[in-house]
Amino acid sequence: MSDLKSILIVVSALGSGLVGGIFFAFSNFVMKALARVPPAQGVAAMQSINVVVLNRWFFAVFFGTAVCCLALAITSFVRWQKPGAGYLLAGSLLYLIGTILVTIACNVPLNDALAAVDPSNADAGRVWTNYLKNWTAWNHVRTIAALAAAALFIVGLCRAVSPFDFSRSNVSSPTMSTISPHKPEDWPRQFVEHFNAGDLDAVMSLYEPEARFVTRSGETLVGRDAIRKVLGGLIEAKTQFQSRVVRTAIVGDIAQLYTDFEGTRVDDAGKTIPVRNKAIEVLRRQSDGSWKLIMGDPNGRE
């Protein structure tokens, strides 16, 4: 996941949570307090609130979050197969529709109507009673929408970082993606990270020059160039993987991994289909202490 997208998710979560908190305060005690004072005072107080709230800081949070949500909705829709995309799209739509649209279509017209009321007018009490009922009801809706959106953004962020629960066993330090794996168990995680990013050069750097690769048909490919063609085809098919190391056996400078890969790819008809492999990988420790693959069989345990 890119740094820009991570920033968008965090800003959207914080913004929607902050907006939801503001609206929660009105639903929970502000409107209840105003309902307890005489109608003329309640009308005057709410009119003042509706004027003061129109400031740059509130607009920055309210509409700035909407801009971030719109960007997230577009990217999540376009890259639907990415982990957490469904949560991010749902959260974005909740905020845009349940908070922004409800505010513009329901709460703002009520505010405009109240602004035209003379608090000292005899009819102000009736208008105030209807305003309290309708405005607060719609405020409940946008409160729930904003807070639910914040929760979905948090879940979406967690899923984007660790889409499958079983992948937690592979979590290592954030800097590991920039260096060669110094533990055999890190090899599948780095393979998946580079592969999902479409960085074929980085993927091939994890293989020894004369590495072997067993195809599903049983053919053994020799060397990086031959393996590169197969993996490049998978990347072109928009294949995305997650990995889980089931077992590791190390003898001296040789390690054997049993790894489960799970993900999706797009077939020639444009249909997304699931991909599952139970692989066997043999790695060798290099002179710099890193590990590279010397033999890989993606279907060795099937």
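The model is predicted. Its sheet is open and has 6 strands, in the order 2-1-6-5-4-3, with mixed pairing. The structure also holds 9 salt bridges, and four of the residues involved, Arg244, Asp260, Lys278 and Arg301, are joined in a network.

**Sheet layout**

- The two edge positions are taken by strand 2 (220-222) and strand 3 (240-251). Each of these has a single partner strand, so one of its sides has no neighbour in the sheet.
- From one strand to the next, the twist averages 25 degrees.
- Strands of a sheet pair through backbone hydrogen bonds, in a parallel or an antiparallel sense.

- Strand 1 and strand 2 run antiparallel and are joined by 3 bridges. Valine 214 has threonine 220 of strand 2 as its bridge partner.
- The hairpin of strand 1 and strand 2 has 5 residues between the strands, and glycine 218 there has a positive phi near 100 degrees.
- Strand 1 pairs with strand 6 in the parallel sense, over 3 bridges. Tyrosine 207 is placed opposite leucine 293 of strand 6.
- Strand 5 (residues 272-285) and strand 6 (residues 291-297) are antiparallel partners with 6 bridges. Glutamate 281 is bridged to glycine 296 of strand 6, and arginine 285 stands opposite tryptophan 291, also of strand 6.
- In the hairpin of strand 5 and strand 6, 5 residues separate the strands, and glycine 289 adopts a positive phi near 95 degrees.
- Strand 4 and strand 5 are antiparallel as well, and 13 bridges connect them. Tyrosine 258 has isoleucine 280 of strand 5 as its bridge partner.
- Strand 4 and strand 5 make a hairpin with 5 residues between them, and the turn includes glycine 270, whose phi is positive at about 85 degrees.

- Helix 8 (residues 224-236) lies across strand 1 and strand 2. Its angle to strand 1 is about 55 degrees.

**Helix 1 and helix 2**

- Helix 1 (residues 3-35) and helix 2 (residues 39-52) have axes that come within 9 Å and cross at roughly 135 degrees. The two helices are therefore oblique to each other.
- Helix 1 contributes Phe26, Met31 and Leu34 to the contact, and helix 2 contributes Gly42, Ala45, Met46 and Ile49.
- By class, the residues of this contact are 6 nonpolar, 1 polar and no charged.

- Side chains of opposite charge can pair when their charged atoms come close.
- Arginine 216 and glutamate 302 form a salt bridge through their side chains, at 3.6 Å from N to O. Arginine 216 is in the loop between strand 1 and strand 2, and glutamate 302 is in the segment after strand 6, so the pair links distant parts of the chain, 86 residues apart. Both arginine 216 and glutamate 302 are exposed.
- Arginine 244 and aspartate 260 form a salt bridge whose closest N and O atoms are 2.9 Å apart. This pair links strand 3, which holds arginine 244, to strand 4, which holds aspartate 260, across 16 residues.
- Arginine 244 is partly exposed at a relative accessible area of 28%, whereas aspartate 260 is buried at 11%.
- Aspartate 253 and arginine 285 form a salt bridge, again with the closest N and O atoms 2.9 Å apart. Aspartate 253 is in the loop between strand 3 and strand 4, arginine 285 is in strand 5, and 32 residues separate them.
- Aspartate 253 is partly exposed, with 44% relative accessibility, and arginine 285 is partly exposed, with 35%.

Methods: Residues are numbered from 1 along each chain as its sequence is written. This is a predicted model: local features need pLDDT of at least 70, side-chain atom pairs count only at pLDDT 80 or more; totals for chains, interfaces and linings use all residues. Side-chain values use heavy atoms; hydrogens and water are left out. Two strands pair if DSSP finds at least two bridges between them. Helices (H or I, at least four residues) and strands (E, at least two) are DSSP runs, numbered from the N terminus. Axes are lines fitted to C-alpha atoms, for helices over the stretch in contact, and angles run from 0 to 180 degrees between N-to-C directions. Contact means heavy atoms within 4.5 Å. Angles under 35 degrees count as roughly parallel, over 145 as roughly antiparallel, 65 to 115 as roughly perpendicular and the rest as oblique. Ala, Val, Leu, Ile, Met, Phe, Trp, Tyr, Cys and Pro count as nonpolar, Asp, Glu, Lys and Arg as charged, and the others, Gly among them, as polar. Buried means under 20% relative accessible area, exposed over 50%, partly exposed in between (1.4 Å probe, protein chains only).
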